[in-house]
Amino acid sequence: MSDDEDMMYDDDEYFDDDEDQDQNDSESEGVEIENQYYNSKGLIDESIPDAIKSYEKVVDLENGEKGEWGFKALKKITKLYFRIGDFDNMLESFKKFLPYTKSSASSNYIEKGINSVLDMVSSSNTIELDMIQKVFDLTLKSLLDTKNERVWFRTNLKLAKLLFEKAEYGRLAKILRDLHKSCELEDGTDDQKKGSQLVDIYALEIQMYTETKNNKKLKDLYKKALEIKSAIPHPRIMGIIRECGGKMHMAEKEWEKAHTDFFEAFKNYDEAGNSRRIQCLKYLVLACMLMLSTINPFDSTEAKPYKNDPDILAMTNLVMAYEKNDIYAFEKILKDNRKTIMDDPFIRMYIEDLLRNIRTQVLLKLLKPYTRIRISFISKELNIPSSDVESLLVSLILDNKIRGSIDQVNQQLELDTAKSSAYWKYSSIHKWANQIGQLNGETNYDNNNNNNNNNNNNNNNNNNNNNNNNNNNNNNNNNNNNIIIKLK
């Protein structure tokens, strides 16, 4: 080996030593940062302020490189400040944390880290909504800067759900507009390629309009949501849409449509394993009774397994009492199961309709053998005041469900069972004719005035004729008297 070769070999060996040294230094620094991180973790139970200072050293050891350990340390610092209720410092540490999301780890890891902080602040009852909004706004701005549209959309949707839960509908409407814009084409129409995102937006917007009882906009969105065919939405989302659709139909007293929607909602929730299925099954039973269906809702294969569920058992018994028209059992079930039935504001809203239905069925059955019946007797049978009985009877008479009249003096109902169906047919036609006559009231009024004037003239003429006749009769009587006198 020549001297040159020896020199070259020595140089190579020298450079290799430098690389090894750099690698060793780097590994040594990495080990030091890692050790510092885990040492900090061990201080949390002893002293949170000391743990925070220790985590800050982890960030300092990275010398501004924004690595994985700094990402983890700042996330911990943010959470620790939140734990001790120092929300201002929490916000400052979160600001320092966000730049690490641009380069320190994979997108999934970043999303999990961000979500852990957002879930922490949004699930708390101790932090004000304005502070929560600031945390979300900082996150959304950072995500826009990094052009991470997928995480930006999901974060905005998370904020929208939070605002819905807090009933902040004004702020929610603004977020929903931003979300809509992100799913629009240049001409302002919906981008059908983003069907899944659109369904998520519609589901939340439908919930908002359901709560605010804006049925006009709710109808439009409900139709749009069901018309989206470019995506297969999650069963839970479809459950939400269908449930809100059922509530919309209930408000309009379209019981059959509501029944269909609640059944679809129940099936979707059941498929998703969502606990909301139990509540939706209650609504299904409610709609079934209101539509006067003779089919037991628990006969379906989907609902049968829940028939004896503790939360559903009260509704099962309610259906049985309803089918038997047992009003006493029905009211007793409502009273004894206030928590599972009456405490739900939506069900409570329709209990009066339900009671009216069963009272109507019982009343119609009660009246069959009678031609005359006292209101006090009906009141006792239905277990309601006499005034409510009268109100119910009046509505049934007006709806032509019973034929008769109320004698308020003797406080009894007189049924016209003897009159033929033809009588009631022509009676209805007569009422209809009278109503048409009222529409032409002004014309008829003028004609009647003219006819009355003519009749008055005719009456005057008749009176004159009668006077003349009377005069003639008087003359004749005088003549007769004269004749009689002469004969005498």
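Ser 93 lies in helix H4 (residues 87–97), where helices are DSSP runs of H or I with at least four residues, strands are DSSP runs of E with at least two, and both are numbered from the N terminus. The model is predicted, and local features need pLDDT of at least 70, side-chain atom pairs count only at pLDDT 80 or more, while totals for chains, interfaces and linings use all residues. Residues are numbered from 1 along each chain as its sequence is written, and side-chain values use heavy atoms, with hydrogens and water left out.

Ser 93 counts as buried because its relative accessibility is 6%. The term buried stands for under 20% relative accessible area, exposed for over 50%, and partly exposed for values in between (1.4 Å probe, protein chains only). Leaving aside neighbours within four places in sequence, Ser 93 is in contact with Leu 74, Ile 77, Thr 78 and Tyr 81; contact here means heavy atoms within 4.5 Å. Ser 93 and Glu 56 are 37 residues apart in sequence, and their C-alpha atoms are 10.0 Å apart in space.

His 180 belongs to helix H8 (residues 169–181). With a relative accessibility of 15%, His 180 also counts as buried. When residues up to four places away in sequence are not counted, His 180 touches Ile 201, Tyr 202 and Glu 205.

H9 has 17 residues and reaches 24 Å from its first C-alpha to its last, close to the 24 Å expected at 1.5 Å a residue; the expected span is 1.5 Å times one less than the number of residues. Of the 17 residues of H9, 13 are buried, and the helix is thus mostly covered.

Most residues other than glycine have a negative phi. H9 is followed by Lys 213, whose phi is positive, near 60°. Asn 400 likewise has a positive phi near 60°. Asn 400 lies in the loop between helix H19 (386–398) and strand E2 (404–407). The table gives the accessibility of these two loop residues.

| Residue | Relative accessible area | Class |
|---|---|---|
| Lys 213 | 61% | exposed |
| Asn 400 | 55% | exposed |

**The sheet**

Two strands pair if DSSP finds at least two bridges between them.

Strand E1 (residues 372–374) and strand E3 (residues 412–415) pair over three bridges. Within E3, Glu 414 is the bridge partner of Arg 372, and Leu 413 is the bridge partner of Ile 373. E2 and E3 pair over four bridges, and here Leu 413 of E3 is the bridge partner of Ile 406. E2 and E3 form a hairpin with four residues between them, and Gln 411 in the turn has a positive phi of about 50°.

**The nonpolar core**

Which residues have the most contacts inside the largest nonpolar core? They are Met 250 and Phe 330, in a core of 129 residues. Helix H17 (residues 345–367) gives the most to this core, with eleven residues. A nonpolar core is a set of buried Ala, Val, Leu, Ile, Met, Phe, Trp, Tyr and Cys residues joined through side-chain atoms within 4.5 Å. Leaving aside neighbours within four places in sequence, Phe 330 is in contact with Met 289, Leu 318, Ala 321, Tyr 322, Leu 354, Leu 355 and Ile 358.

**The whole protein**

The protein has 21 helices and three strands. Buried residues make up 39% of its 488 residues. Among contacts between residues at least 6 apart in sequence, 57% join residues at least 24 apart. The accessible surface of the protein comes to about 29,600 Å², and 46% of this surface belongs to carbon and sulfur atoms. Accessible areas come from the Shrake-Rupley method with a 1.4 Å probe; for residues, only the protein chains shown count as cover.
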